[in-house]
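I would like to walk you through one model slowly, so please have the sequence and the picture in view while I talk.

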Amino acid sequence: MADDSKGNGGETHQRAGSGARLTTNFGVPVSDNQNSLKAGSKGPTLLEDFVLREKIFHFDHERIPERIVHARGSAAHGYFECTDPIPELSRAALFAEKGKKTPVFTRFSTVAGGAGSVDTPRDVRGFAVKFYTEDGNWDLVGNNIPVFFIQDAMKFPDLVHSVKMEADRGYPQAASAHDTFWDFVSLMPETLHTVIWAMSDRAIPRSLRMMDGFGVHTFRLINDEGRSTFVKFHWKPRLGVQSLVWDESAKLQGADNDYHRRDLFEAIDAGDYPEWDLAIQVISDELAEELPYSVLDATKIVPEEKAPLRVIGRMVLDRNPDNFFAETEQAAFLPSNIVPGIDFTNDPLLQGRLFSYLDTQKSRLGTTNFHQIPINAPKCPFANMQRDGMMQVMVPKGRANYEPNSLDEAGEEAGPRETGDQFATYKDNAQLGNDGSEKLRVRDETFADHYSQPRLFWNSQTDNERAHIAGAFVFELSKVELEHVRARVLSLLQNIAPELGERVAKGLGMDLPEPATPAREPVDLGSSDALSIQKNWNDTLEGRKVAILFAEGSDKGMIDGLKSDIEGKGGSVMLVAPRVGEMELKGGKLAADGQLAGSPSPLFDAVAMVLMPDHVEKLKKDAAACAWVSDAFAHLKAIGHCPGSKALLEHCNIPSGEGVVPNDEFVEAASKRYWDREESLRDLP
């Protein structure tokens, strides 16, 4: 019999599967994996037990340092398909031909929390895509918010130190609601644009499948003639942007710490592949000149009304990782990974990131050879004169490890050579300063306007969204112990909108201080409907999860009908009951997918009930059942009921009305959120 445990041609081969022989990492068969080698049954363990030493050695080192930021992540494989080629703008091969597909690996993440934190805190979300192109890897490393807190990379360590857990006490974890972050914000008005986005519902997404992605920075596209065009990259989810409400987000942290990770994995596993359109904002030199701010300022957007989005492709995520550690955890994204046809700008935040990310990967993955890890390796040929280093797994051949060399003249392998027709840095980016002659520690004066764009964002929201923003500021600042920090933030908020400052001050019970003096007078940028989630809400059941609550004796025909109608509209259904074992129903037997107390309504987008009156009487005494319907109502979701289950709603003081409907009207109602309901439920700022 052939021994398939042996590698071929120097390739690494690992046996797996039922019946495979257990060996050490070097292929030595292990006869006993239960007991260490001892000097007698009661004697000490022997140092010569190489099986034990290898096993413990590997265990001791199987956790690598987590990312300093974006530590908690989820990822998936997929592909990018070009739908509208742009050769007139870029020579990048992945944008050259309609229908051309490029493999991708995409990772989503929270920012502030550690790898062991939770999925649904209020936080910016990372959105990083690795394209395995024929010309090398391109990493588009961004967020679900189009701007960043700071303008210059010099301030990045200060920002991260301020938002991470406080140095003397080691908490809070995964939260910005504490003194040090808001102290930093109050002293750095440039943070305000991202802060107001972070206080909006954008920072509590319903699903990773239902959030935007942005490249954040302005990049350059370079065509075959060497002409440059400014560009910003946008990912737009096909399911639409959807968010949670704050109370729902907080309760999900208890109901399911892995809510977003589970949602993404299960959707792909079920064949409901998430999709995003990739759109570009093309910013002409003329537009860049006329804007009252710099397109190189990462704290600013260019409104879509000024530079419309052009969809050039789509991304489909269709395969979950085979191993979380090998792929998701070891994936190394670098903004410095670009391909011919794409280039950098002089954005001072981007310039710092080009150094920082490469340096970080050596610390995390332990070797300069991290590019050889399969998830990071390009899928096109690569060759250079770099050799050796820790964990080198390639075996370069030949005498030459330097360039130039003339070994080819002696008939020997000379190695790879540079080619002048491939990637070349755009000439303006090689300049040292504004005129190519000065090196200065300065910022362009247009960077000093820190209020116009947060005001644009505020003006673009619905009344309900503004209440959420004001409420988020009140919540966060209520956790700040230093009164002078709260007062200083209030002085900044007034420059965004006097109304915002007044509402937050009232919510905190504080007197309103004098407005801060702006470094540069704000300008009126109007409003942009594209910045509002609720104005662009996608009323659909596609990609949404609906729960049906039933119990002993419920009508199976009604349950089956509801389930069929929901799934016919693209939704998924989870059956919930007081217990998970099979039960006798009217019309047959049925087992639940989840138990009532363990499947609270924050896990779902809408809920329906099919219950008999006698079981409703039991559920009235069940705190979990009362919370199930009360939370669904408080979180502005549709609730479907049958005649028997309506008594549970009455017991919980939930009135009939918009979104609380009989089951025969439920499927249509379930695609919406009922924002108008909120005013009667909460004292909104």
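Predicted model: local features only at pLDDT ≥ 70, side-chain atom pairs only at ≥ 80, totals over all residues.

Let me begin with a pair: Ile222 has Ser228 in strand 7 as its bridge partner, where strands are DSSP runs of E with at least two residues, helices are runs of H or I with at least four residues, and both are numbered from the N terminus. Residues are numbered from 1 along each chain as its sequence is written, and side-chain values use heavy atoms, with hydrogens and water left out.

Which strands join strand 7? Two strands count as paired if DSSP finds at least two bridges between them. Strand 6 (residues 219-222) runs antiparallel to strand 7 and is joined to it by four bridges, and in the hairpin that these two strands form, with five residues between them, Gly226 takes a positive phi near 85°. Strand 5 (residues 213-214) is also antiparallel to strand 7, with two bridges, and here Gly213 stands opposite Trp235. Strand 8 (residues 275-283) is joined to strand 7 by eight bridges, again antiparallel, and Trp235 stands opposite Leu278 of strand 8.

Is strand 7 mostly covered or mostly open? Nine of the 10 residues in strand 7 (residues 228-237) are buried, meaning that they have under 20% relative accessible area, with a 1.4 Å probe and protein chains only, whereas exposed means over 50% and partly exposed lies in between.

Turning to the helices, helix 11 has 16 residues, of which 12 are buried, and among what covers those buried residues are helix 3, helix 4, helix 10, helix 12 and helix 13.

Phe473, one of the buried residues of helix 11, also belongs to the largest nonpolar core, which has 51 residues, and Phe473 is listed there with Trp182, Ile196, Ile496, Leu500 and Val504 as touching the most other members. Such a core is a set of buried Ala, Val, Leu, Ile, Met, Phe, Trp, Tyr and Cys residues joined through side-chain atoms within 4.5 Å. If we leave aside neighbours within four places in sequence, Leu500 is in contact (heavy atoms within 4.5 Å) with Ile196, Trp458, Ala470, Phe473 and Leu493. A second, separate core has 36 residues, including Ile86, Val104, Trp138 and Val231.
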